[in-house]
Amino acid sequence: MMRATKGDGRIAFAYLTPALLLLVGLLGYPIYQLVLISLFDYGQEQVSGGVPLTFLGLENYANLLADAKFWSVLGQTVGFAAVCVIGTLVVGAALAVLATRVRTWARLTLFLAALGAWATPAVAGSTIWLFLFDANFGFVNEVLGTTGFSWTYDRWVAFGLVAAQVIWCSFPFVMVTLYAGIKAIPGEVLEAAALDGASALRTARSVMLPLLRPLLIVVTIQSIIWDFKVFTQIYIMTNGGGIAGRNLVLNVYAYQQAFAASEYGLGASIGVVTTVLLLLVTLGYLRALKKSGETL
Amino acid sequence: MRRGIAEVVTVLIAGVVAFPLYWMVLTALKPESEVISADPRPWTLAPTFDSFVRALTVQSFGRYLVNSLVVAFAVVLISLLISFLAATALTRFRFRSRTTLLVMLLVVQMVPVEALTIPLFFMMKSVRDVVPVFGLNHLGSLVLVHLAFSLPFAIWMLRGFVAAVPVELEEAATLDGASRFRFLWQVLFPLVAPGLVATSVLSFIHAWNDFLFAKTFIISAAENQTLPLALQVFVKPDQNDWGAIMAGSTLMTIPVLVFFILVQRRLVAGLAGAVKS
């Protein structure tokens, strides 16, 4: 399908120029700047120009690694992401299977509801959930008879609430993708399994699961990447990271260090750590794609 | 009978999933006394548009709505043109570094853009001194960052749509004497329109939903704020105006919902293509 005429490269380059300019200028250069800022003592005095910049080398990183708070935030981030990823996958997969067992009208009802959850902007979704779980005027407390109970006070209850909101708006992607995957399995394969006397469970485990594996890997890693980066939900639902910052995750922590505490250098170093961790996940993603036969 | 039970369960789950949205619209339509009530009811007998009026007038929500629309449409239109050209280059031409570029496009999608707020904040601060409209406190700064962030995925997704157009068509057009330029805009562009719609919607949603960059860049120009931030002005330490917040949320959610429903088929097809099942 490709033609290799002379001058192709030049035309291709011309077509690519606007995109490359934007990507280099607004993604590449900022990444370089992020690393650079993380190597300096960059606070409010330096920003206003009163104090010259001092090069710290890796001191911000050393401070970070020696700080117990950083490790607890890192742990919380991993734990929070894990709960969200597992919740999203379990709910998404279960509902995808359920959707294959019902008639069209029921399936459409479910998909329409899921589409609504999927489409709701994170800011609006977070606010709605906050109101549903409001201590005094919330519907949930009314139903449970626990009026006055604060769902955002206790650290783990608050994390649980945010995780539930994240799962609510991210399971539809998994459900729709896996449903399409299950539907793509040829009917003959399943018939053959049934003829061989395989039970429904056996068919699911030995026939469907291996066929769906590449798709499962993709949605899992996609979910890890999304849930590791959750910002808006935590920021809005726990009011910027909870009381005394006990509901912080890495992204919010970096933001608060930079823009609330004016420790831009330290904030940038947290950002670099987050980026590196995500790049490692991405490498796994690329390898998984390669294994599943995707060609670029 | 087992299917009957499965269907009842399905509908119940759909109800739970849709409930927060129902609650949002319901609260937006309730009179204030019913919103701030110790025993909230899941219905209202006196629906009113008071909360919408409050949201749109008191805090000039309308102004923020327009700002959000301006940013989102600017991002959509510009990214449409740029990603179409880039996707064409990446599918119709073979050149060195093509694979490298594709891998880069995939990798940059994983960069946590939240971490880039710090360097971008300082960049936009410097830009403000040179070209004010693209600097801090101006909508242009938001257009620029969302363009950059939505391009990789847009290009990645459009690639599949461009590749689906048979090369013979281009050869036929060339034989008929059409220039490369004419082929591009009069043949290829209309043919990949469905893909362009799907990618546009994603770019729109990306820009429309943004909370973080609006919060970081629009620091002292209240008149240039966008919807997600405007929603926060009703959140007050003493007493949140929940009616207005829910009315605002409704106004913010409806456009996205409409777009989503319009393109959901293509979206799913496009995503399936992008992740390749």
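Guide: Welcome! A residue counts as buried if 20 or more other C-beta atoms lie within 10 Å of its own, exposed if 12 or fewer, and partly exposed in between, with C-beta atoms placed from the backbone. This is a predicted model, in which local features need pLDDT of at least 70, side-chain atom pairs count only at pLDDT 80 or more, and totals for chains, interfaces and linings use all residues. Residues are numbered from 1 along each chain as its sequence is written, while chains are lettered from A and ligands numbered from 1 in the order in which they are written.

Visitor: What percentage of the residues of chain B count as buried?
Guide: Along its principal axes, the C-alpha trace of chain B spans about 75 × 70 × 35 Å. Chain B has 277 residues, and the part of them that counts as buried is 46%.

Visitor: How many helices does chain B have?
Guide: Helices (H or I, at least four residues) and strands (E, at least two) are DSSP runs numbered from the N terminus. Chain B has zero strands, and its count of helices is 13.

Visitor: Which residues of chain A are in contact with B:Leu151?
Guide: Two residues are in contact if their C-beta atoms, placed from the backbone, lie within 7 Å. Neighbours within four places in sequence are left aside here; from chain B, the partners of B:Leu151 are B:Ser79, B:Ile82 and B:Ser83, and from chain A they are A:Ala19, A:Leu22 and A:Leu23.

Visitor: How many nonpolar residues are on the side of chain B that touches chain A?
Guide: 78 residues of chain B are in contact with 78 residues of chain A. Among the elements that give two or more residues to this side of chain B are α1, α4 (61-92) and α13 (242-275). By class (Ala, Val, Leu, Ile, Met, Phe, Trp, Tyr, Cys and Pro nonpolar; Asp, Glu, Lys and Arg charged; the others, Gly among them, polar), this side has six charged and 13 polar residues, and its nonpolar residues number 59.

Visitor: What distance separates the centres of the two domains of chain B?
Guide: The bounds, from an automatic or database domain assignment, are 1-48 for domain 1 and 62-275 for domain 2. Eight residues of domain 1 are in contact with six of domain 2. Taken over C-alpha atoms, the centres are separated by 33 Å.

Visitor: Is A:Ala244 buried or exposed?
Guide: A:Ala244 sits in the loop between α11 and α12 of chain A, and has a positive phi of about 55° although it is not a glycine. With 8 other C-beta atoms within 10 Å, A:Ala244 is exposed.
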